[in-house]
Structures are given as C-alpha cells and as structure tokens.
Amino acid sequence: MAVNDTLAGTHKIIEEAREQQHNQLIPTVNDFNQELTTLNLGPTHPATHGIFQNILQMDGERIVSGVPTIGYIHRAFEKIAERRPLYQITPLTDRMNYCSSPINNMGWHMTVEKLLGITVPKRAQYMRVIMMELARIVDHLICNSILGVDTGAFTGFLYVFQEREKVYEIYEEVCGARLTTNMGRIGGMERDFTPVALEKLRKWVKEFPAVMREFQSMFDRNRIFMDRTQYVGGITAEKALNYGFTGPNLRAAGVDYDVRVMNPYSSYQDFEFDIPVGTNGDTYDRYLVRNEEIWQSLRIIEQALENLPEGPYHADAPHYYLPPKQAVYQNMEALIYHFKIIMGEIEAPVGEVYHSVEGGNGELGFYLISDGGRTPYRLHFRRPCFIYYQAYSEMVVGQSLSDAIVTLSSMNVIAGELDA
Amino acid sequence: MADPNEEAAAQSAAVTEEDPNKLTNARVLANLHRMFGEDAFTDVEEPYGLLTATTTRERIHDIIETLQADEEMQLNFLTTMCGIHYPDHEGKELGMIYHLHSLVHNVRLRLKIFFPIADPVVPTLTDIYATANWMEREAYDFFGIIFPGHPNLIRILNVEDMDYHPMRKEYPLEDGTREDKTDLFFGR
C-alpha cells in the first residue's frame, strides 16, 4: 500500500466525515409537513453548568439527534506537562475536575510516588483519605443539588452550599487554598493537620449528617423530583461499560466497579465502606448512588479520624519533598535540595506507570512515561468526563429538552475535566 | 500489638495460598501467546506490575476484538488509549497505546503499536468499543493519527482550522525564537 495513496484515501474519509457531520446539522424533512427544528444548546447556557455545545435536532418536543462540540476551555495540559517539573504539574490537575481538586492532586502525587518507589507514611495516607473523601462529598453535593436546581428546586442547593463553604474552610486550614487547592506534596502532605483544622473537621463531620438528611428528605421521595428524574437518561450496564463509564454513573447502572476497592491506594483497604449500586442507570439512580456515596465517604472520614495514626506526615524523599524553611537557611544540604527542587533540576527515573484513583466522576488515570529527564516525556490523563460524555448524545435521543438538561447535570460533566 | 514479623509471615502465607485460578500476568501472557502466537508480541515487560506488550497495527484490531470476546480473561474494558511520538525512532515515530482492563479479574494489559509518521494509519476500534470514538478523535487531533473506518474523524479539542498536530514533539511548548526566557545557567 503506497503511503501517498493511503494518505489520500484517509484524507478523503475525513472529508466525507466532515461533510456527513455538516449534513447532520441541516434540518431534513422527515415526514410531510413535519420539519425538524435545529436547536443550539450552548456553548454558554445557564443549564449546562459549563461550556459545551450541543446542536440538537428536535421533532417538536422530542430530541432526534444531538451533535456535541467540546474543547471550549481546552488548555493543553498534556502538552504543558511535558515542559514542567513533576511538582509543577499538580496545579494543572487542580484545574481538571475543579469540584474535587484534592482527589486530582493526590492522584498525581501517588502516580509520581509509584514511579519513584516512595512509600508514604500511614498518617499521611490517612490524611489524604480524609481530604479525598471530603472532596468526593463536595463533588457529589454540587452535582445533586444542581440537579435539584435544574428540576426547579433551588432551596436544597442553598442548604448544601453552606456545607460546601465549610468544607472549603477546612481545605483552607489544611492547605491555604479553597478551590484549586494544590494540596499535598510528592511524598506526603505539606504540613500536619493543625488543631484548628482537626477541630473544624470533627465539628463538620458531626453537623453535616443533619443537613444531608434534610436535603434528602427534600428530594428523595419528592413526587415532582421523582417524576422528573425516574426513567430519564437511562443507560444499560452493557452499554455503559462499552462507553467506558466509571464512577457513580457506572454504579448507577448496576456495576460495582470502584477503584478504591479493586486497587486500593492510600490505605483504603483499612476502611470499611459499601459500594452503592443502582439498577436502571437513570437520573434518579445516579442521584441516589451519589447520595449514598456521600454517607459512605462520611463513614470513611469518621474511621480515618478515629484511627489517625501518629507519626510523620511525609516520606523521607529529599529529592522531591521540600526541606523545612528554617533548615534552608541554616543547613547546606537543605539549601541545595530546596534549590534543586524549585528549579526543577531533579531527574526522574526512566519508567512508565499507570495509576488511577476513584475521582468524583470515576476512574481518574494518570499515564506517565518518563525518559529519565526532568519532565515527563508524555503524560496522559484518563479523564472520566471526557470518556462518558460521548454517550450523552445517544442517551438523550427520544427525550424532551428539559429531560436532556436533567440528564446532563446528573452525569456531572465538568468542563475542566472534559477539555483538559 | 501483634508482632510485625508474624503479620508479615501471615501475609506471605496468604499470598502463597491464593486461588490457583487467579489470573496472573504470567497466565495472561501465556494465553496471549496461545491465542495469537508467540511472534505477535515483542518487548514484553511488566513495568510496575502492568503487563505491557508491543504488537503491530495489522494485528491490533484482531487482538482487541478477540480479547473482548474472550470468556476466560474478560479483558473487555477499554480504559484508555493515547498516542505517542518518538521522533528518534526511525520508521516507528508514532505510536498508539491501549490500556485494557478486566473488571472481573482485575488484570490490566497495555498494548502498544508503533508505525512510521509518513503513514500514520491505524485501524479504528469504534466497531468494538463505543468509547474509542472520542479517544481516536483525540489521537487524530493531537498526533495526526488517522483511523480509517472511524465514523466522524474530526478534531475534538482544538479548533477546526488548526493545520498541525500539536502534541508531536517538533512543536515546542514555547516559541523557540524567544530569548528573554532562555536561562543560560539552568536551561529550560
């Protein structure tokens, strides 16, 4: 097969595909007197909670087909990461799923630690678990309360936003930031939990269940909410697996795949928790699964707080973990390491590693290829949103527009993670 | 408190008493060799416990399709796939890397293929996995890898009128002509 022929042939294929997509956008007469309406949903639309466009073909109230366009906030993270020292990639991960940044941060740190062979002390692992589960709770809270807003109930959203604020105060106490946290370091946490942080954490864990129960009593058996969400945007388990679904969306379809249980990281094997699964994979199931996961996360946090081991909060990894600032002023080795780390002068070992964590939306994977340089040779993020959002246009066919909105918000598509 | 040595001994005993039917990397590899022949795979290694093998683009579609239908290993979840560019490997500049996962046995398999940049054509997996659709569009967008048979191979994250594939190594992240950011002492 001559190279040029192949190229010409394939370019033709691409041209045809383009034309085909273009043709899809043009309304066609499918029946006498019945014309399809083209509806442009997005890119900025208050109900999409993020920037993505869907061009829908509507037959009256029903959706006939949808063509999604994404990439509006693409920031080339994979390319940027090829020129950054490993510790400078953490802020990039913040900006993927910004509803649960700590999970992304820790996932990245654990990937690097796996590459380097660093073992993190138990206390740091438990601290990470606490922060990751807090992040999961907040992530699910936002998703479920926004679902409430999209079905017309604003109150629940305001109730739980107050709780989110309290969690952000805990973040602030632990790492100094709120939304894009850059929490933890390669090798552990940047500092121990302060007494204030622990106090806030304990107080929140005690107070939050009441709010959560209130939130659930507002929605769980609410006739309007049930009518709006049951049998809406459903997907079967086979299809979900074929589409690469992970996380709550897959579990709502009845598959109990959870990275925390299947490949425990950061001492998840020490904790007792259940994996909730749904049956229909519809919007209501996704809502229930997320709610139950919030309770399970709370269980994990309680166990971790109770059994929080004493000991160091970071590993002894001088090439990656910054020395204490006071030592930098007084100790030559500390100064050298500080300088080398900050300037990105540390060379990572050769190797390739895939590590995944259970993110807010599913299996968040980091595939890191290192050629022995100071930066990754290639870093690929397995972003759960990007993978499952492609099923959206198939899931909404036959639904009404308002159902499509509800389906979208219950899938919890985060534009930052979608576009990387 | 229990004696740590005892605990370690108990753990290693648990490991040796494991179910003989457990799917290990060695068994996966043996199965792969049985199903597709020894010569189908080169560069077999296990970095960080993940079985990795290199195969050819002529066989990749067949291998992944057969593995999806395989009842024993059930490697039927496509976790992710991504392109890669090694400008120095002559004749094998571009590559695709596939991660398969068996959710039943919790075994992962990484398959790689490499091919020349002048002929970046790889069979599509969209007929096997629906999820391959956007992943292949991403690989086309960023590496210029072309998947004949793909239903809608257009750019996905970058703008449509972009005329290059930005993740290829010949495109540096920063403008190469800029001098104000060059650091003579520490490099960039």
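## Helix H3 of chain B

Two residues are in contact if their C-beta atoms, placed from the backbone, lie within 7 Å. Helices (H or I, at least four residues) and strands (E, at least two) are DSSP runs, numbered from the N terminus.

Which residues of H3(B) are buried? They are Ile63(B), Ile64(B) and Leu67(B). Seen down the helix axis, the buried residues of H3(B) fall within an arc of 95 degrees, so they line one face of the helix; the arc is that of the directions from the helix axis to the C-beta atoms. On the other side of H3(B), Glu58(B) and Ala69(B) are exposed. The helix covers residues 57-69 and reaches 19 Å from its first C-alpha to its last, close to the 18 Å expected for its 13 residues at 1.5 Å a residue. That expected span is 1.5 Å times one less than the number of residues.

## About the model

This is a predicted model, in which local features need pLDDT of at least 70 and side-chain atom pairs count only at pLDDT 80 or more, while totals for chains, interfaces and linings use all residues. Residues are numbered from 1 along each chain as its sequence is written, and chains are lettered from A and ligands numbered from 1 in the order in which they are written.

## Chain B as a whole

Chain B has 4 helices and 5 strands, and from the N terminus on they run α-α-β-β-α-β-β-β-α. Of its 188 residues, 34% are buried. Among contacts in chain B with a separation of 6 or more, 49% join residues 24 or more positions apart.

## Where the chains meet

The contact between the chains takes 41 residues from chain A and 33 residues from chain B. On the chain B side, strand S3 (77-85) and helix H4 (132-143) are the elements that give two or more residues. S3(B) gives the most, with 6 residues. By class, this side of chain B has 24 nonpolar, 8 polar and 1 charged residues. Ala, Val, Leu, Ile, Met, Phe, Trp, Tyr, Cys and Pro count as nonpolar, Asp, Glu, Lys and Arg as charged, and the others, Gly among them, as polar.

His74(A) sits in the loop between strand S5 (62-69) and helix H2 (77-81) of chain A. Leaving aside neighbours within four places in sequence, His74(A) is in contact with Asp419(A), Ala420(A), Leu157(B) and Asn158(B). His74(A) is partly exposed, with 16 other C-beta atoms within 10 Å.

## The core and helix H5 of chain A

A nonpolar core is a set of buried Ala, Val, Leu, Ile, Met, Phe, Trp, Tyr and Cys residues joined through C-beta atoms within 7 Å. The largest one has 151 residues, of which Leu134(A), Leu418(A) and Ile145(B) touch the most other members. Helix H5 (residues 122-150) of chain A gives the most to this core, with 15 residues.

In H5(A), 25 of the 29 residues are buried, so the helix is largely enclosed by the rest of the structure. Its end C-alpha atoms are 42 Å apart, which agrees with the 42 Å that its residues should span. Gly152(A), which follows H5(A), has a positive phi, near 105 degrees.

Key:
Buried ≥ 20, exposed ≤ 12 C-beta atoms within 10 Å, placed from the backbone.
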